[in-house]
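Q: Can you walk me through this one? I'm new to reading structures.

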Amino acid sequence: TDIMKVLIFGAARDIIGKRELDFPLPTNPSVKSFRENIFKEFPELKKLNALAFAVNEEYANDDDVLKNQDVVALIPPVSGG
């Protein structure tokens, strides 16, 4: 199975309870299908407005294609203050 490393920051880390995890590459390996899969696994993430996704340290769009061994980051909105 192809695996991606997922790095988890801020409020997303509070929800998932880990700093990083290995996650299976989606069958249709796009950022959009990854987001759908991670929301299925961790429904609480849906509560985060504007959760951003980065792939290999660059912000990603829904249609970006994921590959085996990519590093995906979940970046929740940063609250000011």
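Predicted model: local features only at pLDDT ≥ 70, side-chain atom pairs only at ≥ 80, totals over all residues.

Q: Which way do strand 1 and strand 2 run, and how many bridges join them?
A: They run antiparallel, and five bridges join strand 1 (residues 3-8) to strand 2. Two strands pair if DSSP finds at least two bridges between them.

Q: Which residues are on the covered face of strand 2?
A: Leu21 and Phe23. The uncovered face has Glu20, Asp22 and Pro24. In a regular strand the side chains alternate between the two faces of the sheet.

Q: OK, zooming out. What order do the elements come in?
A: From the N terminus, β-α-β-α-β-β-β. That is two helices and five strands. Both are DSSP runs, numbered from the N terminus: helices are H or I with at least four residues, strands E with at least two.

Q: How much of the chain is buried?
A: Buried residues are 37% of the 81. Buried means under 20% relative accessible area, exposed over 50%, partly exposed in between (1.4 Å probe, protein chains only).

Q: And contacts?
A: Take contacts between residues at least 6 apart in sequence: 50% of them join residues at least 24 apart. A contact means heavy atoms within 4.5 Å.

Key
Residues numbered from 1 in each chain as written. Heavy atoms only, no water.
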